[in-house]
Amino acid sequence: MMSGQEEEELPVNHTGPKGVINDWRRFKLDSLDPTVPQSKRELLRQMSSPREDDKERLNRKMSAQEYEMIQEEDEGSLKRYRTQSMQEMHERLSFGPAFEEVKELESGDAFLEVIEKEHQMTLVIVHIYQHGVKGCEQLNSCLDCLALEYPSIRFCRMDAVATGAVERFTPEVLPALLVYKAGESLAHFLAVTKHFNEDFFATDVEGFLNEYGLLPKKEFTAWADDEDEGGNVE
Amino acid sequence: MGEMEELRKEMENLKDQITAARKTFQDSTLQEAAAGVTVVGRVQLKTRKTLRGHLAKIYAMHWGTDSTLCVSASQDGKLIVWDTITTNKVNAIPLKSSWVMTCAYAPSGNLVACGGLDNMCSIYNLKGKDGNVKVMRELAAHTGYLSCCRFLSDTEIITSSGDCTCVLWDIETGTQKTVFAGHQGDAMSLGVSPDFKYFISGACDFTAKLWDIREAECRQTFGGHESDINAIGFFPNGNAVITGSDDATCKLYDLRADQELLTYQDSSIMCGVTSLAPSKSGRLLLAGHDDFNVNIWDMLKAERVGVLAGHDNRVSCIGVSSDGMACCTGSWDSFLKIWN
């Protein structure tokens with residue numbers, strides 16, 4: 001579920017047919033004349049919420065009055081609504097602490113702490129390295145760069161020998177990149193440099209993580225409304 | 001009042017008898033039967049292509065049977081047919097209504113359909129003589145929103161609706177051939193069996209129903225979910241049904257045993273399931289949740305083996321191609337991605 005930023009009292013769906021209904025309701029509410037105050041908004045809210053004693057209504061997702069409100073909408077309002085919706089979603093997901101550099105984890109406990117205690121929305125990427133193992137130093141430099149470009153990500157590194165991690169992460173599987181979010185493991189890349197050339201750069205690591213859908217967009221760009229997207233393109 | 005009470009008791013009694021009868025057939029659990037099977041290991045999928053062109057949230061997508069073309073429906077009021085290999089847009093079809101909930105690709109590749117808050121299912125001919133894509137039929141009769149539609153052929157399509165019914169239509173005449181009534185809540189999703197003889201529907205009455213298309217009857221009803229069923233699909237061999245619900249779980253029901261085999265749940269997952277797609281072998285299940293996350297399950301062992309698009313919760317719909325080679329996801333930020 002989305003973090004506690006929902007204004008609505010009832011849980012709503014964002015995807016599937018119920019997501020469409022919810023989006024339509026929000027559009028209707030947003031396009032209400034703001035000078036017509038609470039009463040009309042209240043009415044709309046009431047129409048969407050089943051009464052507690054009406055068990056049959058609970059299984060129906062749209063009220064009769066709502067069906068009557070469906071009509072052709074003004075394209076301008078729709079465009080504004082779409083852009084605003086995406087902007088809001090983007091901001092919701094970008095909300096969270098910002099970091100500037102790669103953090104050195106000194107022990108196994110520090111590792112557990114960062115994985116379990118970071119903000120729910122924060123992606124944690126841990127690089128397990130060992131001095132002298134090929135690729136580790138290069139990867140560390142790359143992550144230093146990426147840490148600046150992706151401030152919402154908590155990049156960390158861990159010396160396998162110093163922290164004792166070497167027992168589970170032997171040199172053949174290093175450097176390793178472990179990705180966590182909200183306490184859960186999203187991805188494990190052992191001997192991650194096997195995916196790169198001898199010489200690799202921050203952009204290669206960035207591209208690799210992007211392929212697995214692990215990196216956020218750097219910034220949100222509102223779309224220029226492109227009307228010539230319509231029509232057939234053979 | 002006494003009679004109502006009697007009838008209610010009789011109904012409860014019959015329900016208990018059915019449950020007991022089902023139990024007598026249960027000689028094992030799926031977990032026991034699958035105990036010796038090798039683990040799948042962690043599943044990590046990579047993006048192979050990004051489909052750019054829509055201007056708003058993707059509400060639905062459906063693969064064509066050639067596993068190359070697919071159709072997507074977006075809040076921007078367009079249906080786009082994509083060539084997923086070249087990422088080119090083959091057709092961009094403007095819709096009358098932006099509030100589209102479902103889209104479908106006919107097995108022949110000749111037609112696509114969509115519908116939503118307009119309560120209608122619109123059929124488009126992709127292979128018209130002059131090259132332009134036009135509305136071929138508007139199937140109107142439902143008194144509620146169109147939640148899902150699936151073609152049986154170029155002449156027949158099945159729809160599910162917020163009016164609690166599912167309907168089999170004759171596309172040529174634009175009329176209803178059969179109305180499948182029985183659900184006590186909005187019908188949210190449907191799936192057609194591999195042999196095209198049956199279809200399944202999931203609804204807001206927390207049940208899934210199996211319908212015989214030609215006999216026009218409900219053959220089986222499956223309960224157990226504690227909230228609305230939002231997504232439903234056949235297990236690839238057609239012998240089982242997979243459901244996804246607002247109760248944050250997926251369930252697997254076996255048709256011949258007439259009962260639930262497994263529930264896919266985890267205490268850390270609290271968000272409803274709104275889309276699902278099994279892999280071609282049926283070993284993996286991709287479940288899309290309402291928080292835009294996708295979990296990947298090992299269907300035999302009921303264990304989570306991965307997530308899709310891990311960082312950015314963006315996925316609003318998913319679909320696996322019929323050749324099983326790729327999975328397509330639609331996002332709230334207007335893109336579609338092809339993964340494998």
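The residues lining the second largest pocket of this predicted model divide into 27 nonpolar, 18 polar and two charged (Ala, Val, Leu, Ile, Met, Phe, Trp, Tyr, Cys and Pro count as nonpolar, Asp, Glu, Lys and Arg as charged, and the others, Gly among them, as polar). This pocket holds about 1,300 Å³ of space, and among its 47 lining residues B:His62, B:Arg150, B:Gly191, B:Gly233 and B:Val320 lie nearest its centre. On a 1 Å grid over the protein atoms alone, a pocket is an open set of points with protein on both sides within 12 Å along at least five of seven lines, a cavity is a set where a 1.4 Å probe fits but cannot get out, and lining residues have an atom within 4 Å of a point. A volume is the space filled by probe spheres set on the points, which are joined across faces, edges and corners.

The whole structure contains five cavities of 30 Å³ or more. The largest cavity has a volume of about 100 Å³ and is lined by 14 residues, including B:Ser97 and B:Asp118. By class, its lining has seven nonpolar, four polar and three charged residues.

Local features of the model need pLDDT of at least 70, side-chain atom pairs count only at pLDDT 80 or more, and totals for chains, interfaces and linings use all residues. Residues are numbered from 1 along each chain as its sequence is written, chains are lettered from A and ligands numbered from 1 in the order in which they are written, and side-chain values use heavy atoms, with hydrogens and water left out.
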